[in-house]
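I opened my notebook to look up how one protein chain is put together. I start with the whole chain and then go to its parts.

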Amino acid sequence: MLEFIPYIASTTKGIDESTWKIALDAWIRNLTELLNMQDADFLHETASNESLSLFVEQILNAHMDTTATVNSKLIRYVFLIYCRLAAVNIAGTNPLLAADKLCSFAVVYGESNASEVRRIMAQLAHEESVEKELLSVIGMLVDAAQSMPNLLAAPASIEALDRAYVLVRVLDALFSATLFVDTIRSSFDTLDAVLIECYKGIIPTLKTTVDSDSNAAPYAFLVKKSLVSTFNSYADGHFFRPLGYVSSVKDHQSLEKLSEPTDTSAIDLISNKLLEYIENSGLESSKNAFVDGPLILDWEVEYHVAEKLDKINKDAFGGDEERLEFLQLSMEQVRDSNMGTGPWGDNLQPQQPPAKTHQNPAIYQNVERTSKISQIHDLFPDFGDGFIEACLDANNDDVEVVIMQLLEDSLPASVSGLDRKMERKPLPDAATTVSQLTHLESESDAVYLEAEARENPKEESVLKSRRNVYDNDEFDIFNRRTVDTSKVYAGKKNKGDADALLDDKSFIQSEKKNVLQRVVDMYDDDYDDTYDDINDAGVPSTMENGDGDAAVDVVRKKQEVVDPGIENESLLVHSFVDNAELFARNSTARKSTKRAELRKRTGMTDEQLEGWAIMFKRNPRKDRILDRYMLFDGNQAQVSEDVSQAQKQSLKKENKRPPRSESKERAYKDKNKARFGNHNRKAQRDKKVAKAGPPPS
């Protein structure tokens with residue numbers, strides 16, 4: 001059994017450089033021997049060697065401590081141990097796969113090599129014991145995040161914020177690492193609600209804390225950013241992965257395509273969830289991202305969700321998926337409500353890229369390649385340097401990928417058939433290399449080389465990337481080998497004197513041909529009969545003459561668009577009367593089985609059903625429609641004759657004019673007294689006039 005010396009940092013007080021190098025050589029020697037063991041011996045060693053388990057734990061903890069610097073070789077060897085564990089069948093428990101070490105593994109390697117960490121976690125989760133460990137620790141972290149708003153009292157101390165950041169950082173790393181573990185994804189379907197409530201609850205606490213102590217701003221920013229990152233991992237697993245995409249590990253604002261089959265039914269889930277997030281976000285006014293903005297705003301600002309939805313719509317649906325387009329517009333409106341990202345994270349110093357050196361690129365690449373070959377050769381001493389270099393060429397100089405392929409015997413086809421003892425091509429002689437490196441040590445020489453490189457750049461000719469309207473024309477000498485020199489003139493073209501110019505009829509002849517050609521083309525088109533029957537009464541002449549076949553050719557049936565609300569009015573009215581909540585505009589009604597059945601029977605969308613209900617409530621004919629469908633069912637009992645007569649008498653009584661008051665009755669009689677009594681004055685007067693005859697002339 002291998003004995004591992006407990007790990008100590010090189011900066012430990014009382015440890016000199018020579019002593020630490022002796023320990024480093026011992027660690028590397030043991031780790032190399034461990035990785036070269038057979039599978040059975042490797043599993044036995046990792047399961048029973050307590051010094052190995054302690055050493056791995058110390059390496060991971062030291063790397064997470066920002067004040068310590070762990071040797072890169074040791075970090076790489078620990079990663080390879082977990083790669084090997086994922087590639088073999090594990091029987092029983094293994095101390096390296098305990099919950100604390102899996103958390104540390106996800107945090108240490110999750111950002112630098114997220115793709116491999118996800119692959120390793122997915123393979124390890126096939127073991128029941130590892131799956132239980134992951135479910136247990138993630139469940140505990142989710143419960144802690146749910147209670148975080150109650151535990152952080154305003155104003156919170158920096159120590160409390162630091163502990164909160166460690167909590168959400170581990171949750172973020174684990175949830176990202178287990179993105180492709182379906183059991184974990186299905187076990188935490190409600191994580192989005194927990195994160196939203198936690199985020200909403202800590203906003204006032206963090207604002208109060210930062211207002212009282214500006215030094216707490218970076219900690220508050222890190223807490224919020226980790227929660228947003230965790231929410232994005234949830235969205236990747238539940239929203240984007242079913243559609244065949246996840247956030248890119250290199251640029252989290254973009255997507256990368258998966259090879260998994262897609263499930264378009266996930267669009268309904270995305271639509272319902274995102275609209276619910278926006279509706280409950282309370283974004284009635286502008287907010288500052290990562291200060292007082294809700295989680296949905298910070299998620300859009302940090303991860304550009306609208307652009308991701310647009311990419312999925314264009315790539316997978318050709319831009320024709322209206323639901324994704326509506327969600328894209330909704331998320332853009334969310335982003336427009338941002339007044340700007342707050343200054344809480346301004347004090348965080350991003351990792352600066354290494355300073356550029358003036359070394360010869362060829363020399364630097366040669367030295368770097370030699371270093372990588374040496375690393376792989378330490379693990380596989382039987383392989384030749386030339387074979388290892390060919391493997392690096394096939395994998396873009398990625399040492400970890402080459403080592404995994406050699407361990408799993410899954411090399412690309414281009415190198416799998418090569419001789420594994422193949423030696424490397426001879427390097428440039430040492431004298432030339434040293435002289436060039438020494439030459440660059442002089443500052444004046446370096447300045448000279450830099451100026452020379454600017455004057456004589458080794459780039460492709462600009463003509464290869466030139467694009468303009470004159471490309472490939474008859475005078476493009478860069479793309480044509482020959483040019484008709486007869487069409488090339490120096491200065492103005494000699495067209496002769498005025499008389500010769502007036503006698504030249506070539507232009508008239510050419511234009512005459514063009515005009516005649518236009519006249520011919522004018523009548524080549526099909527006859528446009530759109531407006532022929534504009535003055536007709538709507539019946540074609542052929543139909544009047546009885547020519548039915550010709551009438552069919554002339555009369556074109558227009559497609560009538562039937563309103564589904566009218567077509568299914570009976571079903572909708574009965575459903576509305578039975579349960580008006582079925583048409584409510586909320587996620588509960590939309591997810592109900594009765595709503596799904598109604599959508600299937602009517603062929604209408606949720607928006608159409610809810611719109612029909614709103615317009616039905618406002619319809620002034622609502623009572624008549626209800627009477628038509630609800631009060632008469634075709635089975636009314638026969639009314640008896642006595643009842644019918646009684647109803648008629650009651651209607652007559654109801655139709656009688658109510659009695660007038662005494663003053664109104666007197667006024668009516670005075671106005672119409674000529675028509676009452678035993679005479680009619682006007683009638684009697686007309687009678688007398690008729691007897692008397694016409695007036696004398």
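My entries on this structure follow.

**Ground rules.** I am reading a predicted model, where local features need pLDDT of at least 70, side-chain atom pairs count only at pLDDT 80 or more, and totals for chains, interfaces and linings use all residues. Residues are numbered from 1 along each chain as its sequence is written, and side-chain values use heavy atoms, with hydrogens and water left out.

**Whole chain.** I found 36 helices and four strands. Both are DSSP runs, numbered from the N terminus: helices are H or I with at least four residues, strands are E with at least two. Of the 697 residues, 35% are buried. Buried means under 20% relative accessible area and exposed over 50%, with partly exposed in between (1.4 Å probe, protein chains only).

**Cores.** I looked up nonpolar cores: sets of buried Ala, Val, Leu, Ile, Met, Phe, Trp, Tyr and Cys residues joined through side-chain atoms within 4.5 Å. The largest has 139 residues, and Leu74, Leu174 and Trp299 have the most contacts inside it. A second, separate core has 13 residues, including Trp612 and Phe576.

**Leu74.** I set aside neighbours within four places in sequence; the contacts of Leu74 then include Tyr7, Trp27 and Phe55. Contact means heavy atoms within 4.5 Å.

**Helix H32.** H32 covers residues 606–618. Which of its residues are buried? I noted Asp606, Leu609, Glu610, Trp612, Ala613 and Phe616.

Key. The expected span of a helix is 1.5 Å times one less than its number of residues.
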